[in-house]
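Let's take a walk through a protein chain together, step by step. Have the sequence and the 3D view ready as you read.

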Amino acid sequence: MRRADSTPAEAGGPPDDLEESCPSPGFEIGQSVSPQRPEGLLGLVLSLAAGLNDVASVNQLLDWDVHVSEQDAEGKTALWHTCSHGEEGMVERLLRAGANPNQADQYQISPLAEACGNGHTSIARRLLESSAEPNGGLLDEQRGHHAAVLTPLMRACEAGHAQVAELLL
């Protein structure tokens, strides 16, 4: 039990800034998982482990036959999270396990568009080699009513990632 005057880290628990340092897994603590799809919980864990680049946990979950393209509450997959964070080795592991490089989230942001928007050139190249659709778009909420569609190329240009943009041309 933690003393009232100790920090979580002093008491052997997680550091106070853990929440700030961890990527969002795309689900809320306490979120219910459908009893018809109990494997959904393991898919959420897979997304979180991949986003944290926890190779051992990802390998264990894949060994347990967790579906590699299972989506979290926002429709994001383990591959999507990994492309967002720029973890090349994990991207390769997930693609070899059969992850779909074109599976977009609920906002139609594909793993390729996410990698391009974050300037991850080598990941974008690997996704293209894995048949990722370079002209796939995402719905642009900031420009109003989901009317405008941004492609991975437009996303790279908008974020100022010239090297990624050149790859897509």
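Predicted model: local features only at pLDDT ≥ 70, side-chain atom pairs only at ≥ 80, totals over all residues.

Helices (H or I, at least four residues) and strands (E, at least two) are DSSP runs, numbered from the N terminus. With that in hand, you can find nine helices and two strands in this chain.

Residues are numbered from 1 along each chain as its sequence is written, and side-chain values use heavy atoms, with hydrogens and water left out.

How much of the chain is buried? We call a residue buried under 20% relative accessible area, exposed over 50%, and partly exposed in between (1.4 Å probe, protein chains only). Of the 169 residues, 39% count as buried.

Just after α4 comes Gly86, which takes a positive phi of about 80°.

Two packed helices are described by the angle between their axes and the distance between the axes. The axes of α4 (residues 78-85) and α5 (residues 88-96) come within 9 Å and cross at roughly 160°. That makes α4 roughly antiparallel to α5. Here the axes are lines fitted to C-alpha atoms, for helices over the stretch in contact, and angles run from 0 to 180 degrees between N-to-C directions. Angles under 35 degrees count as roughly parallel, over 145 as roughly antiparallel, 65 to 115 as roughly perpendicular and the rest as oblique.

Next come the charged pairs. Side chains of opposite charge can pair when their charged atoms come close. A salt bridge is a side-chain nitrogen of Lys or Arg within 4 Å of a carboxyl oxygen of Asp or Glu, and this structure holds three. In one of them, Lys76 pairs with Glu74, with the closest N and O atoms 2.6 Å apart. Lys76 counts as buried because its relative accessibility is 11%, whereas Glu74, at 27%, is partly exposed.

Arg126 forms a salt bridge with Glu92, where the closest N and O atoms are 2.5 Å apart. Arg126 lies in helix α7 (residues 121-129) and Glu92 in helix α5, so this pair ties together parts that are 34 residues apart in sequence. Both partners are partly exposed, Arg126 with a relative accessible area of 23% and Glu92 with 26%.

Arg155 forms a salt bridge with Glu114, and their closest N and O atoms are 3.1 Å apart. This pair also links distant parts of the chain, with Arg155 in helix α8 (residues 152-158) and Glu114 in helix α6 (residues 111-117), 41 residues apart. Glu114 is buried, because its relative accessibility is 7%.

Finally, let's turn to helix α2 and helix α3. Val45 is found in α2 (residues 39-51) and is partly exposed at 35% relative accessibility. In α3 (residues 55-63) you will find Asn59, which is partly exposed at 25%. The C-alpha atoms of Asn59 and Ala49 are separated by 9.7 Å, and these residues are ten apart along the chain.
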